[in-house]
Every structure is written in C-alpha cells, then in structure tokens.
Amino acid sequence: MLPKPLADIAPNTLEFEILPLVKPTGFREYDARWWFNGIGHAKAPELNLTGVQALGLGMATLFHELGVKPSVVTGHDFRSISQPIKNALTLGMIAGGCEVLDVGLALSPMVYWSQFELDAACCAMVTASHNENGWTGVKMGANRPLTFGPDEMGRLKEIVMGGKFVTREGGKHRRIDGIREKYIQAIIGGTKLTRKLKVVAACGNGTAGAFAGDVLRGIGAEVIEMDCNLDNTFPKYNPNPEDHEMLHEMSLAAKEHGADVVLGFDGDGDRCGVVDNTGEEIFADKIGLMLARDLSRHYPNAKFVVDVKSTGLYKTDPVLQANGATVDYYKTGHSYIKRRTTELGALAGFEKSGHFFFRPPIGLGYDDGLVAAKAVLEMLDRNPGRTMADLKNELGVAYTSLTMSPHCGDEVKYGVVDKMVAEYQGLKGETILGRKVVDVNTVNGARVTLEDGSWVLVRASSNKPELVVVVESMASEADMKDLFHNEVKPRLGKHPEVGTYNQEI
C-alpha cells in the first residue's frame, strides 16, 4: 500500500524518489493540474511519479465508490513528461482494480469519444491542456460525456491526501490500437463541403497536429498546415489559441495565404480559436453567437449555454430572438458548461476560452476543437456568398477585451474574489464610469452589468494561480480600455495578493 502523500518534498533526494509528493492545490475545481518539472527550475515540483501512482490509486478508489464499472480509457498529450506520467497513473489504477484501456497519444476529446466507442464508464486523460511545458494534469470523469466537477474533485482530494486508498484484485492494462483513425473518421462522418474553402490549421506543434489536417481535408477543405509537426519543446510558442503570440501568427498566415479562415487548436485539442479572412481574431464567444444564429435557423427554439465571460450580445441578438432561441449564462469551465448543457438539454454550449460543446445530433456533448472547426466550416458552406468577416460583421457591436490574468496564489485567490464580489454587490444601483450598476451575477465570481449593457468580470482561474478579468463595452474600444484601466485594475490593485498580468489591453 502506498503511504499517505506528502505536500512538500525536496527534489533530488532519497525521499523524493520513494515517497509520494502531491501538493493539495493541484486538485482544481474540475480537473487536476500540477507543476511537475521542478528539478533545475526555480519553482519546486508539486508532484512526483510516486505521487502520480497515488493519484491513480485514489481515482480507482473513487470510481469504485461511485458504483460505476471500473473500466477507464486513458491517453496522453504530446509532452515529454506525459507518457511516463500516464504509465505511473496506470499503475495506480491497476492496483485499485481498474481495467485500463490505453489509447496512446490522444486529444482529450478522443479519450472522451473512446468512452462511447469502447463502452467505458470512466476516463483519465493526462494533459496540461494549454499550460506551459513543465505542467501536467489529468482530466477525468465517470459519467460520459461529463467530467468531474467540484464534488468529485473534492472527494478525490480527500482520498488521495488522506491516504484512504483501497487496493483491489482484477486490475489490468490493455493497449488499444487504431482509435486515432476511427476517431478521425467519426468526426468527418458524412460531411463533404460544397464550397471551396482554404483553411489554415494552426497547432503550435502540439498534439492536434497529428489530427487536424486529416479531419479538415476529410471534409473537403484545402488545408495549409501551420506548425502541425509534433515538437514537444513548443519551439515557437505555447499552443494556446487564446494567447496573443499564437493569434498574431494565425493572423499573418490568413493574410499570407489568402485563407478563408484560420483554425487554431490548443495542446490537447479540446479548444478551437478562429481568425477570419481579413486576419482579425474572432473571440470564441462571438463564434458561438455566429454558430447559434446559424443553427437556430435549423433547430427552432434551441437552447444554448454560454459562460459568464461571454458577450452580452446573446441576450439582445434579433436572429436568436426571432428563432425562439434561449441562452443561459453559467459558470466558466469546461466541466461546468458541459454539465449545464446536458442538464438543460441544450443544443450547444460555448465558452469564451474556445471550448465548444455540441450535443446530439451534432456531437456527443463534450468539448472537441475539431468538431467545432467542422461546425465553423459547415456554417461557411451554408453561407456561400459570405466570408467569415461578413458573418462577424452581421453581429451587434460590442468591444470585448482579451482574457487577462493577474497572478494570485491558489491559496488566496478565492478569498480575493469573495472580497471583490462583496464590493461589487455593494455598488448595485451606484455608478461606474457614469453608468449605473444594474446587475451583479455571482454564479462564478462577479459579472457586473452596467445600464448600457457593458460589463466587467472578475473570477478565480480554476486551473492556475491566477485571477481572470474580462471587460466588454457596448460604446467604444476606448471605453472598453477605460473599464479595465480605470475600473477593474485599480480596484483589484488594492489587494496586495494580486500580482502582474499575463497580458493587458
């Protein structure tokens, strides 16, 4: 039996080699994320391989506790550390009596899809998603197509950190070959574009490079591959289509190649970013609105779910209103939106970070960047006389910021947000930059709506030691910048726990 994990062990020592290290803050709201590559770095490791085994045994213990069949699909993203971490996780799950179905190198949505294909109740995808090299993590679930939420993650943390493991006989490992090809064909399905579309697939040398080109060519697009060769050093930039560096390169590619659209994918392929034919980024919440407008014509009275970082235009859009569509604003996070979309029987869910959730008949309910990319191309195919820029320009006008993240420690970030929520609730009916505060949505931090529809959002990141800040103005780009520089930033700046921002408008 593994001993109870420790929260802090000095690297490059005997203890680090033989005892499990698991820092408790790695258990996030809906997945797990740790800094792993600590040796040789100023930042100490938060997890070691023995700790990963403990995590696997804890997951197996929880799967049995939940009463599901202990059959688990596992896969790993393309990072130098991911395969050995998956192997350690597998050892732990086998010790806990699980049948582990290993699909190898994978996108997170490929693992989710494999749960249906292989009739497995559970999943455990080893990925740090869009985090920088050196990070690792696990996305897990026991109720397809859903992944764990706070309750399950809280219980998993109790089991692992308390050493409350239960070993069982009967565990085994099976290597499953050929899933990549079956998954790609499942996405392509019967789709064949009737319109000639030139598409740049941008993958940042991450895992999606082994999938995106084949999918997009399969549905009939002319594909130009951009950094689709796998390179786990990520030599140009981190594969994250929400970061300015990748978006800048996507914009240049749109102009260089005269592309109809550039589609960018993150490190584990569950998100999709879009740059239009003019080289302008279209934030994912606006892409979601474009898709909702298009889909609501074919599915009247459809329900859609969006996260609290998303544009306020969903509530005022005349096309959605005419087609009887309804929109629900909910907590940010792939697990939350996935669950909410399923609970409401919504046709689709959209998250500003680029997660798109399509339920039957379009998808199976989980977030898949390639399914989202296909939906974008199908939308263009149904609008042969219009470009991506044309479709974007048909939306109402709103000036939305980048997602900005000031550093804030995992141990203190929720306390800071609680203080901000209380402060903003106290401002209801008061004015901010000359406009009355009419609503404070606290489902996930504080989304503060002003009387002209402009809003600001402050929430805690669910997977990094950061806060998340987004602002949107219905008036002008200058006002959008004022909402950040003259409202949110100075208000947050009163809290010494809040550090520097990863990017600013």
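Reader: What makes Arg180 a residue that lies over the face of Phe211?
Author: Arg180 is at 5.5 Å from the ring centre of Phe211. A charge sits over a ring if NZ of Lys or CZ of Arg is within 6 Å of the ring centre and within 35 degrees of the ring normal, and Arg180 lies over the face of Phe211 accordingly. The charged end of Arg144 likewise sits over a ring, that of Phe116, 5.3 Å from its centre.

Reader: How were the residues numbered and selected?
Author: The model is predicted: local features need pLDDT of at least 70, side-chain atom pairs count only at pLDDT 80 or more, and totals for chains, interfaces and linings use all residues. Residues are numbered from 1 along each chain as its sequence is written, and side-chain values use heavy atoms, with hydrogens and water left out.

Reader: How many aromatic pairs does a search of the whole structure find, and why is the pair of Tyr183 and Phe211 given its name?
Author: The search finds 12 aromatic pairs. The ring centres of Tyr183 and Phe211 are 6.1 Å apart and their planes stand at 75°, so this pair is edge-to-face. Rings of Phe, Tyr and Trp (its six-membered ring) pair if their centres lie within 6.5 Å; planes under 30 degrees apart count as stacked, over 60 as edge-to-face and the rest as tilted. The pair links distant parts of the chain, 28 residues apart: Tyr183 is in helix H6 (residues 179-188), and Phe211 is in the loop between strand S7 (198-202) and helix H7 (212-218). Helices (H or I, at least four residues) and strands (E, at least two) are DSSP runs, numbered from the N terminus.

Reader: What makes Phe350 and Phe358 an aromatic pair, and why is each called buried?
Author: Their rings are 6.2 Å centre to centre with 75° between the planes, which is edge-to-face. Buried means under 20% relative accessible area, exposed over 50%, partly exposed in between (1.4 Å probe, protein chains only). Phe350 has 0% and is therefore buried; Phe358 has 2% and is buried too. Phe350 and Phe358 form one aromatic cluster with Phe304 and Phe356.

Reader: Is His355 buried or exposed, and what joins its side chain to that of Asp367?
Author: His355 is buried, because its relative accessible area is 6%. This residue lies in the loop between strand S14 (348-350) and strand S15 (356-358). A polar contact of 2.7 Å joins the side chains of His355 and Asp367. The term covers a pair of N or O atoms within 3.5 Å; within protein, one must be able to donate a hydrogen and the other to accept it, and residues adjacent in sequence count only if both atoms are side-chain atoms.

Reader: How do you know that S18 and S19 pair?
Author: Two strands pair if DSSP finds at least two bridges between them. Four bridges join strand S18 (residues 435-441) to strand S19 (residues 446-450), which run antiparallel, and Asn441 stands opposite Arg447 in S19. S17 and S18 also pair in the antiparallel sense, over two bridges.
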